[in-house]
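Hello,

Here is the structure I promised to pass on. My notes follow below it.

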Amino acid sequence: MPDQIVPLDPGFATVQPSAADVVVVGGGIMGLSAAWHLASRGVRNIVLVERAELGSGSSAKPLGGVRANFSDPGNIELGRRSLEAFRRFPQRFGADIGFQQVGYLFLCRSGAEAADLEGATEVQNALGVDSRMVSPAEAAAINPLLDPAALVGASFSPGDGFAAPGAVVAAYAAAAVELGVAVLDRTQVLGIQRTGDAVESVTTQRGTIRTGAVVCCAGAWSAGIGAMAGVDLPVTPVRRLIGLTRQRPVPYPRVPFTLDLSTTFYHHNYRNGLLLGISHEQEPGFAREFDFGWLPELNAAAAVCAPQLEHPDLEGGWAGLYENTPDRNALIGEARGLPGFFYATGFSGHGFLQGPAVGELVADLYLGRPSFLDPRRFSADRFRAAESVLREVNII
């Protein structure tokens, strides 16, 4: 699953159109999902622009986890609906996305964490998610790398797992191009023009595209895109690092995607090795250089709940960007005061797994149709009123 950037495809546009009904900014899973869902609903004259290569931003370097194991009902529904889409990818797109249904295991090591997971599991079950609370002994039976003595309990959702982000991005890109979307990589947005409360055009280094609608799916770069249009998108880039252990002649046991809520330590299988990491505190910024400065923190966490993984034999890894919002939940909606400026960003580490459902939601927003979920709970306007801020327990 390391860097899976989508190469230039002969089907991609080479000339920037001078006009479009919709301009999608960002060529990761979110932008490509939105473009494909718009096109599949009959919207024509869509242009997607990506400043580098498709999937080269946050979509190139996630953990690849796909799950409905959340505590907020909106996040649960986005995850559940996306899981259904990931399962159907081979049939719908003819693409093998490497989906492995190994489950998700959230560990709790305090009574408060256990209470939070119990409440989240109840909400998940009410919304049709197959998840359950398990004892420390059962958690260690599911993942033999764990020390049950360190745990109070865990929640397990066997229908969850992980997939290959690059394969998903490539499938959406090919399908969008087939439906007529003009996909332009290496095309940087330099400005967004508006007249009063209407979007007028988007300017790139290739020229100007007249349009009445923009969809900002620029991930960690979204605050800058929003500012060009006078729209406040509170998104902060933060570096996150992931390590890969050396491949072993005898593989590790097959384990679920396992996350320790107390420390944010996580791991899952990667071929005959493991992918592991921790949400090490970083200064905000766009730096994406890889280093091993987070290892002492990871070792301390592993020593408590998974002693076998302390001092892992790492052969490398990568660094990517979280696109954090103040409450670590997504921004999805249409800008207040600027109709025609839509956004799907700020996913704070769970964008890949919500991408299919969010693309569908954005398409319905643009078309003014009722959707499977009321997006108002994810509006950027929620930060105008502190009581509207979302609380999500099952994130790291």
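Helices α1 and α5 are roughly parallel to each other, because their crossing angle falls under the 35 degrees that sets this class. This is a predicted model, in which local features need pLDDT of at least 70 and side-chain atom pairs count only at pLDDT 80 or more, while totals for chains, interfaces and linings use all residues. Residues are numbered from 1 along each chain as its sequence is written, and side-chain values use heavy atoms, with hydrogens and water left out.

Back to the helices (DSSP runs of H or I, at least four residues, numbered from the N terminus). The axes of α1 (residues 29–40) and α5 (residues 165–178) come within 9 Å and cross at roughly 30 degrees; axes are lines fitted to C-alpha atoms over the stretch in contact, with angles from 0 to 180 degrees between N-to-C directions. In contact (heavy atoms within 4.5 Å), I29, L32, S33, W36 and H37 of α1 meet V168, V169, Y172, A173, A175 and A176 of α5. By class, this contact has nine nonpolar, two polar and no charged residues, where Ala, Val, Leu, Ile, Met, Phe, Trp, Tyr, Cys and Pro count as nonpolar, Asp, Glu, Lys and Arg as charged, and the others, Gly among them, as polar.

Now the strands (E runs of at least two residues), which pair if DSSP finds at least two bridges. In β16 (residues 273–277), five of five residues are buried, meaning under 20% relative accessible area with a 1.4 Å probe, protein chains only. Five bridges join β16 to antiparallel β15 (residues 266–270), and H268 has L275 as its bridge partner.

Best wishes

Definitions and conventions. Buried < 20%, exposed > 50% of the residue type's maximum accessible area, 1.4 Å probe, protein only. Parallel < 35°, antiparallel > 145°, perpendicular 65-115°, else oblique.
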